[in-house]
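Biologist: Could you take a close look at one part for me, the ligand site together with its metals? I'd like the contacts and the cut-offs behind them.

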Amino acid sequence: MENIKSYIDTHKDRFITELIELLKLPSVSADPAFSQDVLNTAEAVKNALLEAGCEVAEVCETPGYPIVYGEKTIDTSLPTVLVYGHYDVQPPDPIELWDSPPFEPVIKETDIHPEGAIFARGACDDKGQMYMHVKALEMMVKTENLPCNVKFMIEGEEEVGSESLEWFVKNNREKLANGVILISDTGMIANDVPSITTGLRGLSYVEVEVTAANRDLHSGLYGGAVANPINVLTKMIAALHDENNHITIPGFYDKVEELAVEERKEMAKAPFSLEDYKATLDINDVYGEKGYSTNERNSIRPTLDVNGIWGGYTGEGAKTVIASKAHAKISMRLVPDQDWREITDLFQAHFESLAPSGVKVSVKPHHGGYPYVTPIDSVGYRAASKAYEATFGKTPIPQRSGGSIPIVSLFEKELKSKTILMGFGLNSDAIHSPNEHYGLWNYLKGIETIPYFYKYFTELSE
Ligand code: BES
Ligand code: MN
Ligand code: MN
């Protein structure tokens with residue numbers, strides 16, 4: 001494996017320019033205006049897989065955006081690693097808050113990334129992290145270090161709910177058969193504190209609409225006499241949490257797994273500075289469910305958050321009006337063993353019950369997904385842990401994340417294999433935000449670490 005480092009040194013400039021080219025493609029899955037760009041990105045990923053040494057690479061049609069599949073089989077008696085990632089990205093909005101255009105990547109130094117970071121939409125989530133696997137494959141093939149078989153499955157709808165991937169997985173179980181699933185689409189604690197993500201939260205995402213009168217009304221002529229849907233909606237939303245920030249939906253916590261005191265103590269050992277946390281976000285205090293620490297609130301506890309709210313007059317100046325309708329988008333992050341379909345139903349029943357008789361309420365479910373927890377004694381986890389030891393010189397800390405990759409629990413159900421989440425991003429990389437970036441150090445460190453995972457996974461599987 002010595003030649004790994006020198007291969008990276010020789011080729012790192014090209015690794016970076018190739019990623020920059022990929023980041024120029026605006027593969028925004030949420031917005032149909034970008035559909036041709038999404039398709040072009042799939043094509044680019046397929047070509048990159050062929051270049052990197054896959055014998056087979058194809059753009060597989062689905063009812064939605066295609067899935068790029070690739071493979072290299074060296075010996076069917078050896079284990080197979082299935083790499084999953086996504087080539088779609090979040091919309092860049094609000095575009096005016098970017099310091100440089102989201103699809104014109106630039107490299108800039110930051111305090112956290114003194115070696116420089118690539119600023120572009122998708123730099124970290126997930127093109128940069130996905131492309132580490134493509135370059136790691138190239139390197140293993142070229143330096144004759146590929147110890148097992150590899151398959152790639154890179155989708156284009158992760159940011160909009162992975163609907164087509166569910167269809168693809170259910171229809172291609174044989175083709176996707178594997179010994180372990182490897183994903184880089186999460187983060188780690190810090191560059192000098194490597195960690196492996198052992199949990200992802202589930203999700204239920206709904207949109208609500210409150211309707212009062214059948215038209216907008218003069219707020220002087222009607223104000224005080226009929227329901228104002230915005231007043232009502234905000235009151236209903238406020239009622240979803242109690243004074244301890246517990247969620248008030250009846251039955252919401254029934255299936256929540258309560259962690260043993262011992263396990264919570266173990267979790268609390270991960271390095272974390274509340275002062276730094278507050279300082280980087282410029283907040284005076286944190287806010288959340290009573291009885292839990294910040295790290296617990298954003299990993300092992302479920303949440304309910306308004307993601308957007310609108311209605312009435314928001315233009316220049318003042319307009320005296322009572323709107324006919326008010327709207328909000330609400331997400332609930334879920335933990336084991338909550339079932340997102342059940343939670344969506346509980347939400348709907350409760351939200352409707354909160355409505356006064358003067359309004360009509362509709363709840364429209366969007367997408368959802370199950371939470372996931374991976375054990376730390378599996379062959380895959382142990383291989384990943386050893387890989388980080390080899391390249392970071394430290395044992396990585398297992399840590400549950402608050403984010404969601406809904407398809408992971410489906411992988412386990414349909415493909416019967418464990419997923420290992422080797423993420424190299426940082427919370428400060430601003431994913432989904434303006435000025436998303438990915439450290440060059442992180443990118444190259446990921447490329448360096450991945451081949452060790454293959455090596456140890458193959459050795460430990462024997
Ligand atoms: N890569 C993220 C999820 C993530 C990021 C997990 C960091 C852990 C750490 C993924 O692309 C994502 O954004 N997922 C969405 C859910 C999806 C259904 C839109 C999320 O978590 O909001
Ligand atoms: Mn992602
Ligand atoms: Mn994302």
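Modeller: A polar backbone atom of serine 404 sits 2.8 Å from a nitrogen atom of ligand 1; a polar contact here is a pair of N or O atoms within 3.5 Å, and within protein one must be able to donate a hydrogen and the other to accept it, with residues adjacent in sequence counting only if both atoms are side-chain atoms. The protein covers 87% of the 520 Å² of accessible area that ligand 1 has on its own (Shrake-Rupley method, 1.4 Å probe; for residues, only the protein chains shown count as cover).

Before going on, the ground rules: this is a predicted model, where local features need pLDDT of at least 70, side-chain atom pairs count only at pLDDT 80 or more, and totals for chains, interfaces and linings use all residues. Residues are numbered from 1 along each chain as its sequence is written, chains are lettered from A and ligands numbered from 1 in the order in which they are written, and side-chain values use heavy atoms, leaving out hydrogens and water.

Back to ligand 1: an N or O atom in the side chain of arginine 333 lies 2.7 Å from one of its oxygen atoms, and aspartate 125 puts a polar side-chain atom 3.1 Å from an oxygen atom of ligand 1. There are 16 residues around ligand 1, and Glu158, Asp185, Arg333, Ser404 and His432 come nearest (near means a heavy atom within 4 Å). By class, that shell has 5 nonpolar, 6 polar and 5 charged residues (Ala, Val, Leu, Ile, Met, Phe, Trp, Tyr, Cys and Pro count as nonpolar, Asp, Glu, Lys and Arg as charged, and the others, Gly among them, as polar).

Aspartate 125 turns up again at the metals: it bridges the manganese ion (ligand 2) and the manganese ion (ligand 3), which lie 3.6 Å apart. Donors are N, O and S atoms within 2.8 Å of the metal (3.2 Å for Na, K and Ca), and water is not among the atoms, so sites may look incomplete.
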